[in-house]
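Good morning, colleagues. Please look at the chain on the screen while I go through its strands and side-chain contacts.

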Amino acid sequence: QVQLVESGGGLVQPGGSLMLSCAASGSIFSIDAMGWYRQVPGKERELVARIARSGNTNYAASVKDRFTISRDNAKNTVYLQMNSLKPEDTAVYYCNVLIVPGSTMTRNYWGQGTQVTVSS
C-alpha cells in the first residue's frame with residue numbers, strides 16, 4: 001500500500017501565499033516524478049507543476065514565476081510554494097506520485113486533494 005497525505009490548503013486573500021506538502025508512505029520501491037495538479041468543477045484536472053527525481057521541473061504557464069515545486073527524496077515528500085496567489089488559482093489541488101514498483105511497470109498514486117481558495 002502507498003498513501004499520500006496532503007496538507008497546507010486553505011483560504012487566502014489575493015496576493016497571499018500558501019505552502020502545500022505531500023508525504024508518501026507505504027510500500028515504495030522508488031519514486032520517479034512527483035507533481036501537483038488542480039481541478040475546478042466541470043474542468044479537466046490540469047498539471048500545475050512537476051518535478052523529476054533529478055530535480056528538473058515543469059510548470060504550467062499560468063503559475064510559472066509564482067509557484068515553486070521542490071522535493072525531499074529522503075522524506076518522500078513534495079512541496080508547492082505558492083506566492084502571489086490569484087482568484088483563478090482557486091481549485092482542489094492534488095498531489096501525484098509516480099511509483100516504480102518493478103523494472104517494467106509504474107503506478108500513479110493520488111493524494112486526497114486539498115482545497116485552495118483565493119478570495120478577498
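Predicted model: local features only at pLDDT ≥ 70, side-chain atom pairs only at ≥ 80, totals over all residues.

A residue is called buried here when its relative accessible area is under 20%. By that cut-off C95, at 0% relative accessibility, counts as buried. C22, at 0% relative accessibility, likewise counts as buried.

A search of the whole structure finds one disulfide, and C22 and C95 form it, with 2.1 Å between their sulfur atoms. The torsion about the S-S bond of C22 and C95 is about -80 degrees, so the disulfide is left-handed. The link joins distant parts of the chain, since C22 belongs to strand β3 (residues 18-26) and C95 to strand β9 (residues 91-102), 73 residues apart.

Which order do the strands of the open sheet follow? The four strands are arranged as β1-β3-β8-β7, and their pairing is antiparallel. β1 (2-7) and β7 (67-72) stand at the edges with a single partner strand each, so one side of each has no neighbour in the sheet. On average, neighbouring strands of this sheet are turned by 15 degrees against each other, direction ignored.

Strand β11 (residues 114-118) has two faces: T114, V116 and V118 make up the covered one, and Q115 and T117 the uncovered one.

I turn now to the aromatic side chains. The structure holds one aromatic pair. The ring centres of Y37 and W110 lie 5.1 Å apart with their planes at 70 degrees, so the pair is edge-to-face. Because Y37 lies in strand β4 (residues 31-39) and W110 in strand β10 (residues 105-110), the pair ties together parts that are 73 residues apart in sequence. R45 lies over the face of W110, at 4.6 Å from the ring centre. The charged end of R45 also sits over the ring of Y94, 3.7 Å from its centre.

Finally, the charged pairs. How many salt bridges are there? The count comes to three. E46 and R38 form one, with their closest N and O atoms 2.9 Å apart. E46 is partly exposed, at a relative accessible area of 37%, while R38 counts as buried at 6%. R38 also meets D89 in a salt bridge, at 3.0 Å from N to O. Since R38 lies in strand β4 and D89 in the loop between β8 and β9, this pair ties together parts that are 51 residues apart in sequence. D89 in turn forms a salt bridge with R66, the closest N and O atoms being 2.8 Å apart. R66 lies in the loop between β6 (57-59) and β7, so its pair with D89 ties together parts that are 23 residues apart in sequence. Both D89 and R66 are buried. Through shared partners, these salt bridges join R38, E46, R66 and D89 into one network.

Note on methods. Residues numbered from 1 in each chain as written. Heavy atoms only, no water. Pairing = 2+ DSSP bridges. Axes fitted to C-alpha atoms, helices over the stretch in contact; angles between N-to-C directions. Phe/Tyr/Trp six-rings, centres within 6.5 Å; stacked < 30°, edge-to-face > 60°. Lys NZ or Arg CZ within 6 Å of the ring centre and 35° of its normal. Disulfide = S-S within 2.5 Å. Buried < 20%, exposed > 50% of the residue type's maximum accessible area, 1.4 Å probe, protein only. Salt bridge = Lys/Arg side-chain N within 4 Å of Asp/Glu carboxyl O.
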